[in-house]
Amino acid sequence: MKNKIKRIILLFSVIIMITPFFVPVSAKSTSKEIIIAFADTSDSLYSKEDDIEKGYIPEFIEVIQGYIPNYKLKLVGLEWQDAIEKLKTGEIDFLFTGTKTTERLKTFSFSEFNTGIEKLYLYALKDYKIYYDDYEAIDGKKVGVFNQTAYRGFLENYQKENNIQVDVIEYSSDDELKNALEIGEVDFVASSNLFDYSDYRIVSIYGSSPFYAMTIKDNPKLDILNLALRKAYEENKVELDEIYNKYFEVGIKYEPSFTYEDVAYIEHAKKIKIGLYGNNFPLSGWIGESARGILVDILDKIAETSGLEFEYVELDSSLTTEQNIVLSNLDLAVSLTSSYQDWHMIHSKPILSSDYVVVSKKNRILNMDEKLNVAIPFHKNEINQSFDEDLSDMNFLTYNSTYDCLSELMKDRVEFALLNSFVFNYEFKNPYFNDIEVKTYYTQTLTADLVALKGNDTLINVINKTIPSVTEEDVKLFILTHNNHANTNITLLNYIYPYRLPLIVIGVLAILSLLLAILMSRNKKQQARNQIELRSIELANKTKSDFLSQMSHEIRTPMNAIVNLSQAAISEKDNPEELEECLEDIKKSSKYLVLLVNDILDMSKFESGMLTLKKVPTSLISVVNECEKILDLEIESKGINLRFKTNMSEDRLLLVDPLRFQQMIMNILSNAIKFSYENGDIDFILEETVITETKVQVELTIKDNGIGMSNEFLPKIFTPFCQENATQYGLTGTGLGLSIAKSLVDLNNGTIQVESKLGLGTTFIIQLEYDIASNKAFEKEIELAHTDEACFIKNRRILLVEDNELNTKVAKRILETRNYLVDTATNGHEAVEMFTKSMEDYYDAIIMDIKMPICDGLTATRLIRSLGRTDSKAIPIVAVSANIFDTDKDNSLAAGMNYYLTKPIDPDTLYGVLFSLISKYDVYRKKV
């Protein structure tokens with residue numbers, strides 16, 4: 001008995017001892033590595049250089065890796081058939097670019113979300129003479145296809161759709177396909193953008209299909225990958241789309257190739273009536289009588305390329321597409337999903353791809369196995385064939401718009417809504433819908449296309465040949481343009497209602513914070529005054545750090561004056577004298593505000609390094625004389641004796657930026673005038689010293705006997721916003737003039753010195769080096785007339801192009817004051833149309849804003865200059881913009897504009913510009 005017990009204990013001990021050796025073996029069965037294979041077909045998919053992996057697959061996998069932290073994703077390149085076999089044996093986990101087919105679904109499973117879109121092209125040799133989508137030329141030819149892919153089915157559908165027949169020859173590898181094409185064994189190769197065919201021509205597209213990560217049935221790692229893909233598409237969809245476009249969309253361009261029948265149709269076609277849904281922005285909608293939206297821009301591009309003229313009609317959302325076409329006598333209608341088929345109609349190629357999203361309230365948990373109420377916009381036939389398979393048990397409720405669907409969701413009348421992602425994102429700008437969230441992006445990518453009744457084959461054929469001219473870059477621009485539009489459905493109540501309590505709390509906290517900041521600021525200033533001798537250096541550094549705070553204070557001063565004086569002017573409307581005084585004070589404050597903003601922008605350009613010098617042959621004496629003319633009134637009003645001395649000749653031309661040189665002098669000289677006593681003296685000395693035959697040194701000395709500065713203030717003289725005696729003597733200013741002057745001297749690689757004594761005056765000495773100009777040919781600005789009489793030209797017609805209603809009103813009033821006749825346009829596209837439809841010489845000048853929706857001022861100017869009319873080449877076009885950077889001015893002049901004015905517009909300057917330009921234009925018209 002004892003022996004038996006001993007044997008049992010010994011056996012138990014042995015089991016315990018050997019168990020650890022078995023546990024690791026078992027653990028190895030669950031690998032922490034996911035192996036993803038890909039067919040090594042194209043550098044766009046995968047390449048490796050200096051051990052660095054590049055291409056679509058590595059970048060896509062890098063994004064996905066961030067959502068699978070517990071597994072390492074490993075890439076391996078294999079031949080397609082080898083990858084299939086290793087997938088079956090479990091040697092690899094996934095094949096990256098698998099297309100779903102009925103045959104493959106019997107053996108394999110696929111990821112829930114696609115990993116890209118495969119576009120299927122017919123390729124030919126580059127010297128093969130054939131037009132794009134020339135189906136007659138393709139008919140009867142030999143086409144090579146890869147026998148290990150799903151391309152054969154797409155090719156068969158392509159033949160049926162275009163009523164052609166080709167001789168299909170299968171090959172077992174991509175190299176065999178290329179060789180067959182090179183030796184003329186086949187006329188075309190049916191392949192895709194996943195293969196490297198960069199040396200061949202694309203002659204047609206015969207299909208497109210999403211591809212997925214393919215794996216064996218019941219692979220537990222599929223759930224892990226699906227979760228990662230879901231999170232990636234929810235959080236980084238834009239980045240994934242950009243990766244795809246980077247490798248597969250950039251640089252592909254198409255030119256429509258019309259047959260004789262197509263050309264005849266275009267020449268004799270009347271306006272093509274196209275039906276679009278309203279209340280569907282940013283895809284489509286109406287602003288007044290005009291259709292707007294992404295789809296409209298795409299169709300406009302198609303019309304421009306094809307030569308057809310489109311007229312847009314709003315569809316009745318309660319009717320089917322076919323009913324709308326018949327009842328409204330439409331030629332075409334936009335179908336929001338090409339999956340909707342009707343045997344009475346024919347479809348164009350897709351014109352826009354989009355996702356659908358499932359949205360519901362944040363606190364709602366959706367059980368998709370239940371029969372739920374689903375809100376969808378427009379007629380159910382538009383989307384039912386796309387989603388009936390997955391949502392067949394749901395109760396679809398249709399509404400007139402996405403806004404109505406979301407409103408019903410907020411009222412708990414439906415459990416969720418199935419919506420186009422573009423339209424949802426636009427409507428989601430409305431704060432009223434803050435309680436709604438996206439539950440998931442629907443896995444299907446849906447496409448919009450154009451449909452027509454059968455019999456309109458030629459029209460659809462022309463449209464199909466023109467659709468590829470709308471590039472991915474065009475579509476991105478259209479999407480960006482309209483996604484940035486303000487949502488017109490949003491009311492003030494929508495903004496306030498969801499946040500009424502937080503806004504009250506934030507408002508109280510903001511007031512308390514502002515009061516606290518003011519008290520702290522006053523306390524710091526008091527401390528600074530008490531310890532000024534001990535903290536002068538620290539205070540100088542603090543001045544710079546307080547730049548934004550001081551800037552805000554400076555801007556508020558004239559702004560408060562404008563606001564208060566405007567209110568006073570309203571109350572004094574029956575008192576002309578008081579009203580005039582208020583308006584004059586408003587004008588002064590406005591000019592001061594403009595000066596302040598311009599100085600701040602100049603300082604910003606210096607600090608960011610954006611300011612560059614434009615050196616041209618310049619007479620410094622002429623620049624100094626111009627400065628004296630500008631400051632003449634100030635000099636005369638204070639009785640100042642300005643003595644100018646120089647050893648330079650007026651004919652001496654140096655390579656200088658005249659504008660910045662003048663700005664440097666003006667800032668110092670105006671400062672000297674401001675801080676001089678009545679009847680004071682200012683000496684202005686300009687001397688040159690020849691260094692070499694091509695270079696001189698210029699020294700400027702500006703000396704006054706005015707107020708002067710203390711020794712303590714001198715180290716801070718060039719610090720922004722610093723002024724020592726301005727308040728004491730009742731003087732105003734931005735405190736930026738000397739900072740700007742110092743920055744301009746530094747930009748010219750010069751030096752500036754200052755000497756000053758309190759009560760005795762100040763001396764500035766500037767030394768600069770300039771190259772001597774080799775010729776006298778330099779650009780001159782337009783000489784502007786400065787008197788009202790000179791600027792007055794009666795009954796001249798101006799085309800004013802401005803998208804801001806208030807700016808339009810102000811500019812129109814300024815012009816009509818001098819009896820100009822004014823027509824207005826709200827964007828560049830409208831301006832081009834108005835000019836094109838006008839008779840020659842109808843307009844005497846155009847005032848064009850630069851930044852506008854739909855079509856900006858630069859584009860509109862180029863279009864007008866290219867019209868080929870006599871007046872379009874020479875009509876004065878004046879650019880108007882809030883931007884003051886040199887690049888903006890250069891771009892305007894390069895686009896064909898004659899002059900550049902910055903906002904706010906000075907009326908006298910505007911009158912002078914118009915007078916000068918129209919006078920020259922009159923001379924031109926007389927010659928022509």
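**Exercise 1. An aromatic pair**

Are Phe 38 and Tyr 46 buried or exposed? Then describe how their rings are arranged.

*Solution.* This is a predicted model. Step 1: Phe 38 and Tyr 46 are both buried. Step 2: find the set they belong to. The count comes to 22 aromatic pairs. Step 3: look at the geometry. A pair of aromatic rings is described by the distance of the centres and the angle of the planes. For Phe 38 and Tyr 46 the centres are 4.6 Å apart, with 40 degrees between the planes. Stacked rings need planes under 30 degrees apart, and edge-to-face rings need over 60. The pair of Phe 38 and Tyr 46 is tilted.

**Exercise 2. A pair across the sequence**

Classify the pair of Phe 113 and Tyr 233, and state what the pair ties together.

*Solution.* Step 1: take the two values. Step 2: place the residues. Phe 113 sits in the loop between β6 (108–110) and β7 (116–124), while Tyr 233 belongs to helix α8 (residues 221–248). The pair therefore ties together parts that are 120 residues apart in sequence. Step 3: check burial against the cut-off of under 20% relative accessible area. Phe 113 has 4%, so Phe 113 is buried. Tyr 233 has 10%, so Tyr 233 is buried.

Which residues do ring pairs link into a cluster? They are Tyr 56, Phe 60, Phe 96, Phe 211 and Tyr 244.

**Exercise 3. Helices α27 and α28**

Work out how α27 and α28 are oriented, and list the residues in their contact.

*Solution.* Step 1: start with the axes. Helix α27 (residues 828–837) and helix α28 (residues 857–865) have axes that come within 8 Å and cross at roughly 20 degrees. Step 2: apply the cut-off. Angles under 35 degrees count as roughly parallel. α27 and α28 are therefore roughly parallel to each other. The crossing of α27 past α28 is right-handed. Step 4: list the contact. α27 contributes Gly 828, Val 832 and Phe 835, and α28 contributes Ala 860, Leu 863 and Ile 864. Step 5: sort by class. The contact of α27 with α28 has five nonpolar residues, one polar residue and no charged residues.

**Exercise 4. Helices α9 and α15**

*Solution.* Step 2: angles from 65 to 115 degrees count as roughly perpendicular. Step 3: α9 supplies Glu 261, Asp 262, Tyr 265 and Ile 266 to the contact. α15 supplies Thr 458, Leu 459, Asn 461, Val 462 and Lys 465. Step 4: the contact of α9 with α15 has four nonpolar, two polar and three charged residues.

**Exercise 5. Backbone exceptions**

Which peptide bonds are cis, and where do their prolines lie? Which residues other than glycine have a positive phi?

*Solution.* Most residues other than glycine have a negative phi, and most peptide bonds are trans. Step 2: take the cis bonds. One joins Phe 281 and Pro 282, with omega about 10 degrees. Pro 282 lies in the loop between β12 (272–276) and β13 (285–287). Another joins Lys 903 and Pro 904, with omega about 0 degrees. Pro 904 is in the loop between β34 (899–902) and α31 (907–927). Step 3: turn to phi. Asp 51 has a positive phi of about 65 degrees. Asp 51 lies in the loop between β2 (47–49) and β3 (52–54). At 70% relative accessibility, Asp 51 is exposed. Asn 749 has a positive phi near 60 degrees. Asn 749 lies in the loop between α24 (737–747) and β28 (751–757). At 72% relative accessibility, Asn 749 is exposed.

**Exercise 6. The whole protein**

How many helices and strands are there?

*Solution.* Step 1: the protein has 31 helices and 34 strands. Step 2: 45% of its 928 residues count as buried. Step 3: of the contacts with a separation of 6 or more, 76% come from residues 24 or more positions apart.

Definitions and conventions. Residues are numbered from 1 along each chain as its sequence is written. This is a predicted model: local features need pLDDT of at least 70, side-chain atom pairs count only at pLDDT 80 or more; totals for chains, interfaces and linings use all residues. Side-chain values use heavy atoms; hydrogens and water are left out. Axes are lines fitted to C-alpha atoms, for helices over the stretch in contact, and angles run from 0 to 180 degrees between N-to-C directions. Helices (H or I, at least four residues) and strands (E, at least two) are DSSP runs, numbered from the N terminus. Angles under 35 degrees count as roughly parallel, over 145 as roughly antiparallel, 65 to 115 as roughly perpendicular and the rest as oblique. A crossing is left-handed if the near helix is turned anticlockwise from the far one by less than a right angle, and right-handed if clockwise. Contact means heavy atoms within 4.5 Å. Ala, Val, Leu, Ile, Met, Phe, Trp, Tyr, Cys and Pro count as nonpolar, Asp, Glu, Lys and Arg as charged, and the others, Gly among them, as polar. Rings of Phe, Tyr and Trp (its six-membered ring) pair if their centres lie within 6.5 Å; planes under 30 degrees apart count as stacked, over 60 as edge-to-face and the rest as tilted. Buried means under 20% relative accessible area, exposed over 50%, partly exposed in between (1.4 Å probe, protein chains only).
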